[in-house]
Amino acid sequence: MKKFLVTIMMFLVFAIGLPLTAVNAEAQCSCRRYHRRAHTTRHYTRYRTASYVARRPSFYRRHRNMINMAIGAGGGALVGGLIGGRRGVGLGLLGGLGAGALYTYKLNPKRRRY
């Protein structure tokens, strides 16, 4: 019975995760920004305008902290349930949540690029 439940949980993880990765990148293009740069020579100033598309960050980049902690909590609950039954699920959930938070905030913090 446990193998069956684990198999069903894995199928659910793939069923939820696959559509999230198939998001169309072009649909996220929201605005166009322009950058004007002056190029000055001895006698005149010429301006060059370049445009680039500012894309919306991916779903993972926007919700990175919550996703990492949820994955840790889910993994901990799964392992705790397999080892310790109903009480192990709760303990595994708390342990996995703590490990996910430790990883997210201390071991691999966000690096913002401006």
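User: The part I mean is helix α3. Where do Asn 68 and Tyr 105 lie, and which residues does each of them touch?

Analyst: This is a predicted model, so confidence comes before detail. The mean pLDDT of the protein is 77, and 68% of its residues reach 70 or more. Where pLDDT is low, the predicted coordinates should not be read in detail.

As for the setting, the protein has three helices and two strands, and the order from the N terminus is α-β-β-α-α. Helix α3 spans residues 64-107.

Asn 68 belongs to this helix. Its relative accessibility is 12%, so Asn 68 counts as buried, the cut-off being under 20%. Leaving aside residues up to four places away in sequence, Asn 68 touches Tyr 60, Gly 100, Tyr 103 and Thr 104. Buried residues make up 11% of the 114 residues in the protein.

Tyr 105 is also located in α3. Here the relative accessibility is 45%, and Tyr 105 therefore counts as partly exposed. With residues up to four places away again left out, Tyr 105 touches Asn 65 and Met 69. Tyr 105 and Met 69 are 36 residues apart along the chain, and their C-alpha atoms are separated by 9.9 Å.

For the protein as a whole, take the contacts between residues at least 6 apart in sequence: 38% of them join residues at least 24 apart.

The surface gives some further context. The protein exposes about 10,000 Å², of which carbon and sulfur atoms supply 63%. Away from the two residues you asked about, Met 1, Phe 4, Leu 5, Ile 8, Phe 11 and Leu 12 make a nonpolar surface patch of about 690 Å². Met 1 sits in the segment before α1 (2-21). With 72% relative accessibility, Met 1 counts as exposed because the cut-off is over 50%.

To return to your question, Asn 68 is buried and Tyr 105 is partly exposed, both in helix α3.

Methods:
Residues are numbered from 1 along each chain as its sequence is written. This is a predicted model: local features need pLDDT of at least 70, side-chain atom pairs count only at pLDDT 80 or more; totals for chains, interfaces and linings use all residues. Side-chain values use heavy atoms; hydrogens and water are left out. Helices (H or I, at least four residues) and strands (E, at least two) are DSSP runs, numbered from the N terminus. Buried means under 20% relative accessible area, exposed over 50%, partly exposed in between (1.4 Å probe, protein chains only). Contact means heavy atoms within 4.5 Å. Accessible areas come from the Shrake-Rupley method with a 1.4 Å probe; for residues, only the protein chains shown count as cover. Patches are made of residues with over 30% relative accessible area and no salt bridge: like charges are joined within 9 Å, nonpolar side chains (Val, Leu, Ile, Met, Phe, Trp, Tyr) within 5 Å. A salt bridge is a side-chain nitrogen of Lys or Arg within 4 Å of a carboxyl oxygen of Asp or Glu. pLDDT is the predictor's confidence in each residue, from 0 to 100.
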